[in-house]
Amino acid sequence: LMLKEPLLLSRGAPMPERCGLLVILQVRQDGHVFSGLGEVNPLPLFHKETLAEAEEQLHAVLSSWTASTPKVPAAVARLDGSMSSWLNQNCSGQRLLPSVRAGLEMALLHAIGRASGSGHLGVAAAAARSFSSYGTLGLNSLVAREEDLGCDGATVVKLKVGKDPLQDAERSNYLAEVLKSRAGPHARLRFDANQAWTLDEAAVFISNLSDAATAMTDYLEEPVRWHPEEGAEQFMADWQVLSERTQRKIAFAADESLTEGAVKCAHLAECKAPIAALVLKPSLQGIEQTAEFAAWASQHGARPVLSSAFESGVALCHFAILAASTAPTPWLSESSVSDCHGLGTFTRLAEDVLQPPFADLVSTGQIGRGWQVNVLKCQEALDKTLGALLSSRGSADGEPAKANGWF
């Protein structure tokens, strides 16, 4: 998929496009065939595997399933450990690459949800874990530069920081004023330092945020550097020192430290710094693991925030449905963090394989409430896209499957 302009991330060269794989799995129930669609799309330098490595493993798994079709229990859709157990048993002893695991989980959930007649593919997981299941989902936008803050209706904005802390603070203060003038009381800011700062540098940034910017801040992701030789305990201690040094001015959020396994939930639970959110990446952690982290976050007073990695609308629909299906129960949720998720990367896509494009599913909802996407429309878009792909291959649900998977 071509991007609107080359994508410059915190590491690596600019990327003009995103390349991935679509996978279709078909399950048979009572003589009828039901299909599901998933996406395998490793992000270079963020996923450890390359696209070629993911494709090779996906081909091996699908070939194995074509040769000997495994039985798929409906319970895997509960995302309570059943999915991981089933995949471990039926992937020839292979340790699945994160992007491959996520893509297979997506396709299985989609197929099983359609076979069960559920309203959307997250219904079973929501019921199993006593989550709420929202009908609409809020999204935040992603801003790397001032010019990215357009008049697009987003009220919750994520700003990349991590360079000169004083300049980043000045830029944040300016953007806070601009956003507040456009979005009013609903304006919220989220900062992401990507572990770029020393403890002292992070303190300079926080201390120089204006009162207006501070009041609008949901959290600062990964404020300080990770030092492998010092371990998770010292890393969390640095968060606590930073919080105390800045008078607990803003809360923090865990992202890559949790995703990459540097820290565990137990470390977060013991940390005395305010942790407002867990930023979860399903394409890196897998769908079921994301649901488990979301449950932990809700139980420990943190907001689970799902985040995309510049995938197509197929993965974005899956993530939106997952996010809506792992929401904390409203009357038990006490969080100052806005209930928006990090799926605003759709604005970077110049084209999309989803029918209609994910961008067409996003609206500004109620006045002042920012970007929103309807969960049932996401399900409908997945179904429509799947139908078009099956039709292009001369197949359709209800007909005998030609293979267990295509990619």
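Helix axes are here lines fitted to C-alpha atoms over the stretch in contact, and the angle between two helices is taken between their N-to-C directions, from 0 to 180 degrees. In this predicted model, helix α1 (residues 51-67) and helix α3 (residues 98-116) pack with their axes 9 Å apart and at an angle of about 45°. The two helices, α1 and α3, are therefore oblique to each other, and α1 passes α3 in a right-handed crossing. On the α1 side the contact is made by Ala54, Gln57, Leu58, Val61, Leu62 and Trp65, while α3 contributes Ser99, Val100 and Leu104. Sorted by class, the residues in this contact of α1 with α3 are seven nonpolar and two polar, with no charged residues.

Leu199, Asp200, Ala202, Ala203 and Ile206 of α6 make the contact with Asp238, Val241, Leu242 and Arg245 of α8. By class, the contact of α6 with α8 comprises six nonpolar and three charged residues, and no polar ones.

Is the side of the chain at Asn173 buried or exposed? Asn173 counts as buried because its relative accessibility is 16%, and the cut-off for buried is under 20%. Leaving aside residues up to four places away in sequence, Asn173 touches Asn208, Leu209, Ser210 and Ala213.

Technical notes:
Residues numbered from 1 in each chain as written. Predicted model: local features only at pLDDT ≥ 70, side-chain atom pairs only at ≥ 80, totals over all residues. Heavy atoms only, no water. Buried < 20%, exposed > 50% of the residue type's maximum accessible area, 1.4 Å probe, protein only. Contact = heavy atoms within 4.5 Å. Helix = DSSP H or I, 4+ residues; strand = E, 2+ residues; numbered from the N terminus. Nonpolar A, V, L, I, M, F, W, Y, C, P; charged D, E, K, R; others polar. Parallel < 35°, antiparallel > 145°, perpendicular 65-115°, else oblique. Left-handed = near helix turned anticlockwise from the far one by under 90°.
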